[in-house]
Structure formats: C-alpha cells, structure tokens
Amino acid sequence: MAMPSWGNSTFYDLTSYRSIGGVPTGLTNATFPINVGLVLDRANDPTALLNSNWATRERTLQQLETNGTLWSTYGASTANYNAAMTYLTGQGFKILGQGGDGYISSQQDRTIWVQISNAAQWQALFGPTLQSGTTPDGQKTLFWNGTLSLPQTLLDNNVKGLLLDTTQLQPILPDPGTGQAVSLPGGPQSIGNYAGEGTGVVLGAQTPQAMAALYDFPLQGTSVQTPSIAVIEPGLGTVSPSSTSTFSQLLTQYLKKIGVNATANVQGVQPGGTFTTATLNTNPVFWDERALDASILAAVDPTSQQVLYAGSGTSNSAKSNAWTAYQSAIFQNDGSPVISSSFGGALGVSSPDSPFLWAEQQIFIDAALSNLTLLTSSGDQGAGYAFANGLANVSTGVGSPFDLIVGGTSLSVEQIAAKDPTLNSIVQNALGGNLATLWQLVQSGMMLMPTANSPSWLIETVWNEYVYTPGQTSGAGTLNTGYLGRASGTGGVDSAESVPNYQRDFGLASGPQALTSRGTPDVSAPAGGNSSYKVADGAMGTTSTSFIVDEGGTSAATPFWASLMAQIDAVFLDQGLPPLGYVNDLLYIAAAIEPATFNDDTMGNNISSYVLGGTVTSNSPNVGSNPPSVTGTAITPTGQGYYAGPGYDLATGLGSPNGLLLARTLSTIAHEQMYFGNEPNLVNGDNTVGWTSGAYQNVLLQTMSGSGATIGVNAGSANLAVSSGPTATYAWTSRFAEDVLQPNFDPNLVTLFDKQSQGSLSQANFLAGQNVSVSVNGNQAQATEAQMTSGFGIADFSSPNAVERLARPVAIAETAGAQDNATVVARLRQVGEDNTTLTFYRVDDLAGDISGLQPGAPGYAAAAQARAYQLSTGGTSIGGLGYGNFAQTDLLHVNAGDLIAMTLTNNTHGNTFWAFSQANEVVNGQAVGHLWNYGANVWGWEDTFGGGDRDYNDMLVGLDFTSASGKGLLA
Ligand SMILES: [Ca+2]
Ligand SMILES: [Ca+2]
Ligand SMILES: [Ca+2]
C-alpha cells in the first residue's frame, strides 16, 4: 500500500542539514517501542498577533484567556484533532499523554503522542523501515532510507510535524570533510579568557548573587518576592540524589554554603518517572545541568519557587526528550511566567520546512501564546556548534524568534585581568589612564576608574577558551581546548528562520553586515573564561567531597538571565503591568532608545568551524561532563565564526545586562505602549515611503560625524543646510551619557572625558504631517531604527559619513498606568565647572509654547516660572552639584501626558538658557542651541554663553516617569 510521502523528511533532514554524509554501517532493524508525537497545524494563524507590539499582544492574550478561547483559536481544530485521534486509535496505536504519564496529547498542544510498538507499526505510519547503525565517527544512531510517508487521513487532518522521543539519533557528516583549511595562530584564540591557564585552578569564580550584583540586578539584596520560575530538567525533575534529603533540602544546604539565608522551594512535575541515581555516573550531564540551573536561580532569586519539568520521563519507554519537558512547562504551567532551558536542539541541525523543525518551532510559539518568557542557552561550542560541516552553525532548535537566546561572555575583574597575558596591554593602558582603552572599557560596562588588584569590573569579552599549539610540521598542531567541547558560546545565523521583525527594525537586516536570517544570540552573560559561578555539583554534595564547584557555560548564563527576567516580572507586577511574556522585541527597543541598558562587548570571537579528518588534533577535556570529554579527534579548522564589535554582534548579541537600567527601560517602554500609544511619534513612515513629522514640534538636529559632513534637513518648506565639523574623539555618546547618570559611576571617569565637542546642533520647528528627509553630503540618509525609537522622541538618520539625530527637547510625561499627580524621578550629573541650576516647567505643545507665548517671547520666562514643577529637594530648581557629581530629585504632581521642558541658569555668569534655541543668545546670526539629546528622556546642557566648548554635558539630566510608581522598586 503506497502512502503519500511527507516532504523534507529524510533522516538527514532531521539530523544533518547542510552536511550529508554516507549511510551508517552495520544496519540492523531498530528495536521498539519508540514514542513519537504527531503535531497538527493550528486552527488559526497567530502571526499577526505575534507581530503586533507588546501591549497589543498582552491585551489580546488576556482577552482570549478571559474568554476561554485562547486554544480554541490557536490550538488544533477540534474536528481535525478528533479525526486524527480516531484514526490512530482505530489502527491499533497506543495513545500516550492522556493522563498518568509525562506526555501531553491535547487539542491545545496539537500533539498526539503515540507508542510505536514494532517495526510493522512504524512502517504502517511512516513507510521506510527504521534501522539502527553506526555513523562514520562511531556513534550509534537510528536511520531510515529516503523520505517518510504518512497516511492520507493524517495529512488530511493537518498533521504537519513530528517529534521523536529517543536518545538514539546522531548526525552523519562527511569524513573526511571538504572545508577550506585555515592555519590557526598559536596560543589563545581570543582575548580575555586565559587567566587560569596553566595554574590548575579556575580563576574568577563568583557566587551567583555576587555576579548578579556586578550586573546590577534591580532587586538584588532586597526581600521583594520574585515569581515562580519553570525549569526544563528532562528526566530529573526533583528526584534527589540522596535517600535521606529532598532536592529542596540539598539546595537549601548549597544556599547556606554560599551565604544565602533562605529555604529553597523546588517543586517537580514528573508524572512519567525519573532517572535513577545510578545515572549520576552514567549520564551526569543532566544532573550537572540541573544543579547549575537550580543553584543560580535560587542564589539570585531566593524567594522564587522553582518548578522543574521532567518531561516524558522513563515510564512507557519514554526517553525524556527535552521537547516533552517544554510541552509540560508550557501546558502544565502553574503560574511561572519565566521558563529557563539549557536544553534545546538536542538533535542538532534540521532542515527548514522539515516536519521535525516545524514541530520544534511550534513549541516556542506555544510559549509566546501562553505569555511565557522562554530563555534557551545558545550552546557551548562556538560558531561551529561542534557540527563538523566546515561551516558556522547554530542549533536549529534554538533559533526561534520567540525564544530569548542567551550566549556567553567572559568577565574579567581587575585582579583576574592582571593574571591574563592576553589582557596585558589593556590592563597596563587602563592603569596608565589611556583614554582610548578606558573609553572602550566603559562601553563594555566598567564603572570605576581602574586600580591595581581591585575586585571590580574591568572588561567583558566573548567567552572563548580555545588554545592552539602548533606542531612540528606545517599545518599540524593541537587544540588543547578544542572545538568539540564546551569552550565558547554558540552564535551565528539560523538559516532556517527568517530575520525576525525586531532584528529588522533594529537595523540588522540592512547595511554591510546585513543579516539574511535569524541572528543569535539575543543577549549574553558570563559563561566561562575568566569568570564562572560557584554552584552545587550534580550530586548536590552527596557523593563528592566538593559540594561547591566552579561551573559555567551558556547553560549558566541562561538561568542567570532567567533570574533577572523574574526580578523584572516582580517589578512589572508592582507597577501594575502584565508579565513580560514574549519579550524579545522590547529588548531590542531598549537597546535602541537607551544603549546603556546593555554592556556592549566589542572584543573576542567565537570562531570554531571544522571538518573531520586532517592534521590538527582537537582535545576537549571538560570541567564538567557536557558533552563528555572528546580527545584525540583529527580535524581541519575552517576558520568560520564571528567577532564581537560595537553594537549587536553574532558572538554576544546585544551584550550583557545592566540589570537596573534594563528594568527601568523595559518599564518605560511597557507603559508607553500600554497607555500612550496615541501620543505623536517624532516621525512616521519608513525608509521606502519616506517620513513625516508626527506633530507640531521643536526638533533638535544633532550631527555626529568622524570627519565632518554637510547635512541637509528638509521639513516641509524649511530647508536647512548645516556644515558640521568632525565630532571630537570622545564626544559623548548616548551610552556614555546614560552610564554617567548612575550614582555609582566614578566621577573621575566622568571628568576625564569632559570638554569633548559634539558636531553641529541646530533646531527647527516642524509642522504636523510635513515631509521630513535628511541628506548627508548630498546623499539621502536612512532612518533604520526610527520605527523603534520615534515613539520615544528620537530618529537617527544614518549614512556612512554621519548620523543626524532628530530628537525632541520636550518630554512627554508617560507615567506608570497613565496616573496623574505622579512623582517623576530626575537624575542629574554636573560635568561643567560653573554653578548652574535647572528648572522644569510645563508647556502646552511640543514646540514649547505657553498660553500662546513662544519660547523667547516677552513674558515667556515668567510664564515658565509660573508653570515650574515643585521638586522633592525643595523649591522649583536644583543645582550647585559641583563638578563631576551626581544628584537625584523628584518632580512632584506631574500629570499623565504633561509636556515638560527645562531651563538652565548659569549663576556664575548670570545667563539663562532654554531648551529652545530661539529663546537663547544669537551668535553670528544664529540662535545658539544649548541642549543635546542622549536617549529616551536623557539630555545634556551646554552651560556657556555663545556655545562654549559644545560638549553638551555640563548638566546631564534623565527623566524617569515610571520608577517611582508602585513601591518605587526602581527609583
Ligand atoms: Ca557588541
Ligand atoms: Ca561645556
Ligand atoms: Ca563639560
């Protein structure tokens, strides 16, 4: 009986995309039973909902949930599901997942888990015989020849995906491969990972809570209750390695050992059974992973309950495939808004449009529809992903646009950096006050002026521990930390997924390095090299003398990020917001409007592609055992991979978090989308149809250019031509200005970079609806990120020679929950030497008018003073901070939607400056602008008559409309 074939369903489509090796040897008939999940398509396409903005998604999902129609809408069609079930039952298949085991077969998850009991049942369902054989590199694998088929009834009822719960699948790659060989430089292959080399000890290990403090997690050291966190722990759940203590009790002992006074609360969802403690020795990877996850989550968020999902477990021939644990965590979730997973893509690399990859992709969409924040580790095997096809790869199981993918960095605090020969010159330059070095270090998160042997942050680089020792003959040598082990964060492009809308809107799909498909990782955190985490060992102290071990990997970075997301969820709850849910787009918006929310890693690489066979020996002893040590493998390095660089890169994504700044920025974005969607954007449109002004408004026109440029700004009938000189080398970026608005940022670093002049500043009034375009040296400039930033009063028009920022000098009071009579936090840093004071006042429109008076009109100053906001520090003005110093005050009684402008008085020289240039002094026939925008509601003032040194940092001010809301957790 011929059955219809199922497209793209060869064995190689499942395991070996882009690299088809030969047929396994020693083929015999496979042994059964094997459990498989048949996945149906959705009754309705959720794409439009998922592509809408965060607030719209949240509202829609809440409505669907309230109506009880979420899964009747986005689950399988009940008719299809029932028909498929009836067919399978009628054909004599044993159906799993109907209660009592670890599977879920439901109309909601659209999966029917079936036990295939023998070869005849496999053939009746899928056609070709299932066999078992040995790959060229000696791994046992299941195998079938050709394409699977599927009974017509199942195809007719929209079965589109297949999940296999088996541990017996391996890729088959050509050996020898045919990659283009490259010769590696001798020594460490990347910077900032070498401090512990040769010492026999791991340097730089921190307790998870100390690491969280270094990354300024917003609730660190508070007693604020953080929400439950779901964790993917296939086959384990909460099974204890001890016969006398529960897993929670062992975890509590770990917490005590690292100085956290809390009782761990860990629940298990494990109806399908768990591994026995014997697997501690035979398969320690699962135990090590769980200890790592649970340790980090408990140490950073000690009030969070953890729920560990074991998936299908071990009963009924189940094999604890990670996807079964994902389904359980999503569809049996009991109030955990965050899911942390260090398991994904266990099968490696599947073909686009294959039923295998489709089924996996659906799970991440189910998480997004369930309003869950799902985080997955990118992998620990660099750009090659230990997949010997000579190419840069990422696991197709962790390329979903609805998954927050976490990569790895190496953090070097100063005393550790001093021991790393690859950081010698950076340490010496930093201690010697080299401006270029210090500037770059601030970019990657340093906040204090370096001093020798300090435990504070110096530099963050890509995690990459590969070390190459050339051999006697040319081309031969040894990678003693090799490409097959855990030594570098995986990152790159997932060619099976298109560029997600948030990466496109962030500008990553255009320009010279344009992504052609999904870029990963999204974000990063410490994973190894010169930093690791003090966690419990896999046996939780029950068999080993060393309870506390130093561990890392992206599977440490992932629970670290998950614990941060749980803290931000607690803040959102306190501020009356829904949980973060699918949050990737918000993170990219945060990076666009407030770059300092992420530490930008700019050094290192994850290069590690190779083919099997050749003259280089790869040895990969592992600190843990995931995967087991692989030594003596002959390979040929092929040199593919990615470098870190300024901004987003394919080694570290957006970078590591500044936890507090990230929480504040996400809160700002969430309230803006939730309550202020009707406030006018700065500009509307796109690069194809062009841009129009969103309102009658005053606009700052700021030029940033390395070599100088001629800028043309056209807005309606106004044509401005501005010639800008070059921007000074250390003219302040948005990132730097936002960094210094943190109270713990070193005043010595602040003043070191003072007096760096910006490019040209002009101002103009735009009318609502006017066409807006910008040219640089006569060429049209593109506003690549404007759709993300325009709602926050910013649009950057870029060309190769310059960036022209259009930004508002006026803030819209987008208060939490659109509350009136709100308290607004103002953070200030004085980087001018005169005595100055700042006053905030309410205006009637975005051009700064008050009761028909335009800025600079007679009577305007008095009208502004009558509209001045009371400050919590007393009176209506604040100043006299002193050079380099920080201060914070609150604006009181601010109503939602208030338009807030500022004026600066220089008391030393008796001048007053306004945010609107037409109200200021005129020099050479030009009204002088004194205000520069550095991000969403962040500005810097020039305090000198005539324009001074044009560094626009003499008084920096950031307005924060949401942090004082609720209990004020972020204020
Ligand atoms: Ca970067
Ligand atoms: Ca100045
Ligand atoms: Ca200054």
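Student: A polar contact is a pair of N or O atoms within 3.5 Å; within protein, one must be able to donate a hydrogen and the other to accept it, and residues adjacent in sequence count only if both atoms are side-chain atoms. Which backbone nitrogen does the side chain of Asp 845 reach at 3.1 Å?

Tutor: That of Asp 849. A polar atom of the Asp 845 side chain also lies 2.9 Å from the backbone nitrogen of Ala 847. This is a predicted model: local features need pLDDT of at least 70, side-chain atom pairs count only at pLDDT 80 or more, and totals for chains, interfaces and linings use all residues. Residues are numbered from 1 along each chain as written, chains are lettered from A and ligands numbered from 1 in written order, and side-chain values use heavy atoms, without hydrogens and water.

Student: Where is Asp 845 found?

Tutor: It sits in the loop between strand 40 (836-843) and helix 24 (860-866). Helices (H or I, at least four residues) and strands (E, at least two) are DSSP runs, numbered from the N terminus. Beyond four places in sequence, Asp 845 is in contact (heavy atoms within 4.5 Å) with Tyr 696 and Leu 899.

Student: New topic: which protein donors does the calcium ion (ligand 3) have?

Tutor: Asp 754 (OD), Val 831 (O), Asp 951 (OD), Asn 953 (OD1) and Asp 954 (OD) lie 2.3 to 2.4 Å from the ion. Donors are N, O and S atoms within 2.8 Å of the metal (3.2 Å for Na, K and Ca); water is not among the atoms, so sites may look incomplete.

Student: Which residue coordinates both that ion and ligand 2?

Tutor: Asp 951 does, and the two calcium ions are 3.8 Å apart.
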